[in-house]
Amino acid sequence: MDAGSGGGRGALRKTQSAEMRWVASGGAFEEDEIESSDDDGGGGDNNPTAALDSRGGGSDDDDYEEEEMLRQRLVRTGPRADSLDVEALDVPGVYRHQVPSVELERSLKIKEHLETSSMLKKLLLMLVLFGTSMVIADGVVTPAMSVMSAVNGMKVGISSVNEGEVVMITVAFLIVLFSLQRFGTSKVGLAVGPALFIWFCCLAGIGVYNIRTYGSEVLHAFNPVYIYYYFERNPTQAWMSLGGCLLCATGSEAMFADLCYFSVKSLQLTFVFLVLPCLLLGYLGQAAFLMENLTENQQVFFLSIPSIAELGVMMMTTVLVTIIMLLIWQVNIVVVLCFLTLFLGLELVFFSSVLGSVADGSWVLLVFAAVLYLVMYIWNYGTKLKYETEVKEKLSMDLLMQLGCNLGTVRAPGIGLLYNELVRGVPAIFGHFLTTLPAIHSMIIFVCIKYVPVPVVPQSERFLFRRVCPKNYHMFRCIARYGYKDVRKENPQAFEQLLIESLEKFIRREAQERSLESDHNEDTDSEEEIVSGSSSRVLVGPNGIIYSVGVPLLAESGSINNSALGSSMSFGSLDEATDGRRSLDNELSFVHKAKESGVVYLLGHGDIRARKESFFVKKLVINYFYAFLRKNCRRGIATLSIPHTRLMQVSMQYMV
C-alpha cells in the first residue's frame, strides 16, 4: 500500500522504529513532527507516550540499541536540536563494541553531564578554541624563528653577513617554502624528507664528534640529582631557565602532523629510533661545546623565541587528552588522575617561568592568539545560530502532504541535488526554491556532507539514503561521508554515477526488507486466532492448513472448506509479491529516466541578520563581523567542482 494513502498514514505510527535505520522498512519516511520532538520539546501527538507506542512497546532489544547509541554518541558542544544519527558516523573501524564495565558507566555519566550542562559545554568549547588559537599562533612564529636560527649560522662562516641580511634571507626562504605548499604537503614532504633524514644524521654525527672532542662529562646530565644542585645554588636563575629547557622539545612534535600520510606505528618508530636519538646527541654535543666555550652562547634562536605559546598548547592538550581518557579510552580513574597531576603540574611550573617574557615579546603571540580566538568564536556563534534557525524553520511534513506529490508546482524530468546541512527534515530553503522557480525536478535528493573520524571512507560506504516523503514524491535524503584523507575534487559525472548506483541499491534493499517483513507478518498472523465461534475456534497453521480447536482433527472436511481458503491465501501472497516486484521495476525505471534527463545542483545560501530588538553587541557581531567572515570565506561551490551550466543558486535570509 502506498505510504501516502490513508492507510499508509495510519501505519506510520507502527513503523516509526524504522526511522532509526537508513534502509527503512514498510516505506517509512521522515516525518517532521515526529523528528522534531527532541527539538521543540514535544507538542500535539509528539509526547513521550506516543513515542513509546511507536516503538512497539519498548522491548529489551530497543533498550539495548538506545544504550549502544548513547555510548557511541560524541559530546555535543553545539545545538542539541537535529543531532546527527549514529548511522552517519557508523563506518567500519570507527567504533568497537565493549562489554559493560565501571569505566564505561563512568564515561556515560560524564558524557551526559557534559551534554546537559550549558556552562560545561561552553567551557569545553572555550578550551578547544583557546588551544587551537595558540597552535596557529605558534605555527606562525615557530617556522620564522627556526629558519632565522638556521640562516644565522652563515654569520659564523661569513663575517661580512650582518643581522639585517640574515632577516632578508630568512624572509626569502619563508616565501619560497610557503609558496611550494600550494602543491600539497605530500609533494613537499617527498622533496624535503630525504633532506631531513640527512640533517638528522649530520646532527647526530656532529653531536658524537663534540662529545668525543670536548669530553663525555656531559653525559652526567642524565643524573637528575644535578637538577636539585642547580636549583639549590641559584633558584631564581634556575626557575627562569626552565623556558629555555622547553625549547629542546620545540618543533619535534610537528612530525605528528604527518598522521594524515603515515600510520601511527611508523611515526612512533621514526621518533624513537631516529628523531629522539639524533636530537639527544645533538644537544649533548652542544652542551659539551658550551662547557669548554662559555662565551659562545649568543644565538638568535635562544634569544628571540617566546616559549609561552608552546606551553599554552601543551596545557590545553593535557586537559583535552584527560577528557578523552575518560570518555573515549575509558582508562582507570587512578591512572587518569596520575597523568593529569604529573603533566599539568610540570607544565604549570614551566608556564610560570616564562610569564616574565611576556613584556619581552611574548605579548605579540598572545595578541595574535586573542584575535584568532575571537574570529573562531564569532564564527562558531554565528554558525550555531544559523543552524538552529534552519532547524526551527524547516518545512513541516503536513505542508508537503497538503501540497501533494507535485509539491504545488510542475515536476520537470530530471534530478535535483539540493545541498544543505540538515540530516533530518526538509530545509526551509527548499520552500524558497518552490516559490521562486517555475518548476522543480521530478526527483529531489537532499545531500548532506559529513566528515567522519577515519582516514578514508570506502566508496561502497560513501552514501546513506532514506526516504523523505511517500514513494510517489520521489524525494530522498542522502548523507555523503568523507574521511579526513578523502579528497572532494571528484569528477561530477563520477560522483553522480556513484550516487545513482547507491540510490538504486537502497531502493532494492528497501523492497527486499519490505518483502521479508511482509512474509514475517504473515507467518506471525498464521499462528494467531482468526475466527471465533460459539463452540469451536479455527486457527491457521504455518503451512496454510486450517485447524479447528474443540473438534477432532479428523472431523469431516465439509464443515470448513480448507482447500479453498488455503488456496486463496497462497494466491494473495503471490499477488503481493508480483505487485512489489512491479513497483520496484517502476521506481528503478523512473530513476533511470530522471538520470537521462540530467542532474542539476541546487545550492541555497542562507544568511542571518540580527532582529531589530536585539542587543547592540549581537547586532555588531552578526550583522558586521560574522557577515564579513561569511562574505570572505570560500563557498562550498569551490570544493564541489560543479559546472556553472548545471548550477542553480537561491539566497535566503534568516532573522535571529
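User: How does Glu461 count by its relative accessibility: buried, partly exposed or exposed?
Analyst: Happy to start there! This is a predicted model, and in it Glu461 has a relative accessibility of 28%. A buried residue would be under 20% and an exposed one over 50%. Glu461 falls in between, so it counts as partly exposed.

User: How many residues apart in sequence are the parts that Arg481 and Glu461 tie together?
Analyst: The side chains of these two residues meet in a salt bridge, with an N to O distance of 3.5 Å. Arg481 belongs to strand β4 (residues 475-482), while Glu461 sits in the loop between β2 (439-451) and β3 (463-467), so the pair joins parts whose separation in sequence, in residues, is 20.

User: And is Arg481 buried or exposed?
Analyst: The cut-off for buried is a relative accessible area under 20%. Arg481 has a value of 0%, so this residue is buried.

User: Which helix holds Glu510, the residue that pairs with Arg467?
Analyst: Arg467 and Glu510 form a salt bridge, and their closest N and O atoms are 2.8 Å apart. This pair links distant parts of the chain, 43 residues apart: Arg467 lies in strand β3, and Glu510 in helix α21.

User: What is the relative accessibility of Glu510?
Analyst: Let's take both partners in turn. Arg467 is buried because its relative accessible area is 2%. Glu510 counts as buried too, so its value must also be under the 20% cut-off. For Glu510 the relative accessibility is 1%.

User: Which residues are linked with Arg467 and Glu510 in a network of salt bridges?
Analyst: One further member lies in helix α21 and is partly exposed, at 25% relative accessible area. Another is found in helix α22 (residues 562-597). The network links Arg467 and Glu510 with Arg514 and Glu587.

User: At what distance does the side chain of Glu587 make a polar contact with the side chain of Arg467?
Analyst: Glu587 counts as buried because its relative accessibility is 5%. Leaving aside neighbours within four places in sequence, Glu587 is in contact with Arg467, Lys471, Phe476 and Ile507. Its polar contact with the side chain of Arg467 is at 2.8 Å.

User: How far apart in space are Arg514 and Gly580, C-alpha to C-alpha?
Analyst: Arg514 is a residue of helix α21. Along the sequence, Arg514 and Gly580 are 66 residues apart. In space, their C-alpha atoms are separated by 8.8 Å.

User: How many residues apart are Arg646 and Glu496?
Analyst: The two side chains meet in a salt bridge with an N to O distance of 2.0 Å. The pair links distant parts of the chain, with Arg646 in the loop between α24 and β9 and Glu496 in helix α21; in residues, the separation is 150. As for burial, both Arg646 and Glu496 qualify, and the sequence separation asked for is again 150.

User: Which residue has its backbone oxygen 3.2 Å from a polar atom of the Arg646 side chain?
Analyst: Arg646 is buried, since its relative accessible area is 19%. Not counting residues up to four places away in sequence, Arg646 touches Pro492, Gln493, Glu496, Val599, Val600 and Tyr601. The backbone oxygen at 3.2 Å belongs to Val599.

User: Which helix gives the most to the nonpolar patch?
Analyst: The patch covers about 520 Å² of surface and is made by Ile227, Tyr230, Phe231, Trp239, Met240 and Val349. Two helices, α11 (225-233) and α12 (235-240), each supply at least two of its residues. With three residues, the one that gives the most is α11.

User: How far apart are the end C-alpha atoms of residues 269-289?
Analyst: According to UniProt (unreviewed entry), the spans labelled "transmembrane region" include 123-146 and 269-289. Residues 123-146 are 100% helix, with end C-alpha atoms 34 Å apart. Residues 269-289 are likewise 100% helix and 0% strand, and their end C-alpha atoms are separated by 30 Å.

User: To finish, what share of the residues in the protein chain is buried?
Analyst: The protein chain has 24 helices and nine strands. It exposes about 37,600 Å², of which carbon and sulfur atoms supply 64%. Of its 656 residues, the buried share is 36%.

Technical notes:
Residues are numbered from 1 along each chain as its sequence is written. This is a predicted model: local features need pLDDT of at least 70, side-chain atom pairs count only at pLDDT 80 or more; totals for chains, interfaces and linings use all residues. Side-chain values use heavy atoms; hydrogens and water are left out. Buried means under 20% relative accessible area, exposed over 50%, partly exposed in between (1.4 Å probe, protein chains only). A polar contact is a pair of N or O atoms within 3.5 Å; within protein, one must be able to donate a hydrogen and the other to accept it, and residues adjacent in sequence count only if both atoms are side-chain atoms. Contact means heavy atoms within 4.5 Å. UniProt positions are given in the numbering used here, feature names are shortened, and annotations may be inferred rather than shown by experiment. Helices (H or I, at least four residues) and strands (E, at least two) are DSSP runs, numbered from the N terminus. A salt bridge is a side-chain nitrogen of Lys or Arg within 4 Å of a carboxyl oxygen of Asp or Glu. Patches are made of residues with over 30% relative accessible area and no salt bridge: like charges are joined within 9 Å, nonpolar side chains (Val, Leu, Ile, Met, Phe, Trp, Tyr) within 5 Å. Accessible areas come from the Shrake-Rupley method with a 1.4 Å probe; for residues, only the protein chains shown count as cover.
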